[in-house]
Amino acid sequence: MDKNFQEEQSKEMIKFTPPLSKQRYQFIKDLVEKYRPKKVADLGCADCKLLWMLKFCSCIEVLVGLDISASVMKEKMHILSPLPVDYLEPTERSLTVTLYHGSVAHKDPCMIGFDLVTCIELIEHLEESELKKFPEVVFGFMAPSIVVISTPNVEFNTLLPGVTLFRHPDHKFEWNRAQFQSWALETARRYDYSVEFTGVGHSPRGMENIGFCTQIGVFVRKYPQTGGFAVSEKSRETVYKTVFKAVYPSLKDDKYLQNTLVGEVIFTAQIIKQSLLNHLMSECEECNNSTTERKVQLQPCFSKYMRRLAVEKSMESFVKGNVVYIPLKTVFSFPKVNQLCGTFEKFCKLIAGKVTLSSDGYALMLNTEHEDE
């Protein structure tokens with residue numbers, strides 16, 4: 001289904017800035033920023049543009065799209081795949097994106113337990129039999145905390161050139177404000193939700209009486225679910241088909257955490273090593289009697305932070321032969337390294353086998369031979 005068809009028809013007479021489709025998506029994004037849902041589902045997701053926008057919201061950990069047209073989703077689903085930068089710089093939150101092929105008139109347990117469900121320009125595409133089942137499926141079975149439904153306001157159609165009956169050939173109906181509000185209020189009453197009405201796409205000056213171009217109902221469940229949702233044997237049956245699933249890299253996964261931590265450890269150790277060697281070189285220029293083995297406390301040339309660490313003997317780095325020894329406690333004390341793993345025990349476990357350690361496991365070893373070439 002083409003959600004932007006009606007806007008394209010009205011360009012000559014009415015121009016929405018930004019486009020009406022973007023205003024609808026921005027409305028959802030603002031709602032997400034307000035309520036901070038973790039699990040969000042978009043029913044009738046079509047080209048996946050709303051899901052793509054929502055995947056950047058840091059609070060969301062589960063994103064699900066459902067549509068009756070598998071071909072439309074398959075054509076656009078690539079925009080939901082992780083990018084190379086997502087693997088290079090994993091975030092702390094976990095994110096799973098899944099697309100299902102199915103109808104909103106059917107119940108599937110995979111849609112239970114969501115914080116927010118959006119139905120943007122969907123209900124007007126439903127057949128009468130589907131529309132009758134829709135409230136029970138969404139509000140009764142799925143029972144999310146918040147439901148957002150948008151639909152055309154037929155009263156606005158007189159301002160849209162070329163519209164004789166409905167805005168899109170696939171629309172089965174279009175409601176005026178009274179019809180939509182009557183349906184929404186009855187649905188809210190039946191399933192213990194409250195509902196507020198608003199919209200996007202303001203009418204022209206002097207014609208405010210016809211309302212928004214797109215009318216919106218925001219439903220909020222009155223009573224939180226307690227003790228979990230009891231799924232009957234019949235409702236356990238899976239009816240939707242998965243057409244896409246992406247699990248984004250996350251620091252909650254030890255595999256990605258380890259890769260990120262090791263990279264940070266090596267980067268930090270290289271900085272310490274270079275500072276130490278620079279100091280050694282400056283000392284050698286002042287005194288020609290060099291020794292084969294010496295311990296050198298990091299000097300002010302590195303940083304005030306490292307000077308504080310050097311107060312403890314156990315935190316001192318030193319050079320022996322062609323090897324720089326950097327105590328693990330020194331590396332762990334750097335804020336970014338510390339934040340990644342939290343405890344010294346976890347730090348040691350994650351870097352084990354990934355970096356070269358001294359025989360006693362006390363220090364990180366870096367070779368200096370290439371520094372002398």
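## Strand pairing

Thr98 sits opposite Lys245 of β8. That contact belongs to an antiparallel pairing, with six bridges joining β3 to strand β8 (residues 241-247). Strands here are DSSP runs of E at least two residues long, helices are runs of H or I with at least four, and both are numbered from the N terminus. Two strands pair if DSSP finds at least two bridges between them.

On to strand β2 (residues 62-67): six bridges tie β2 to strand β3 (residues 96-101), and this time the strands run parallel. Leu66 has Tyr100 in β3 as its bridge partner.

## About the model

This is a predicted model, where local features need pLDDT of at least 70, side-chain atom pairs count only at pLDDT 80 or more, and totals for chains, interfaces and linings use all residues. Numbering starts from 1 along each chain as its sequence is written, and side-chain values use heavy atoms, leaving out hydrogens and water.

## Aromatic pairs

Searching the whole structure turns up 17 aromatic pairs (Phe, Tyr or Trp rings, using the six-membered ring of Trp, with centres within 6.5 Å; planes under 30 degrees apart are stacked, over 60 edge-to-face, the rest tilted). Tyr87 and Tyr256 make a tilted one, 6.2 Å centre to centre with 50 degrees between the planes. The pair bridges distant parts of the chain: Tyr87 is in helix α5 (residues 84-88) and Tyr256 in helix α8, 169 residues apart. Tyr256 counts as buried because its relative accessible area is 16%, while Tyr87, at 41%, is partly exposed (buried is under 20%, exposed over 50%, partly exposed in between, with a 1.4 Å probe and protein chains only).
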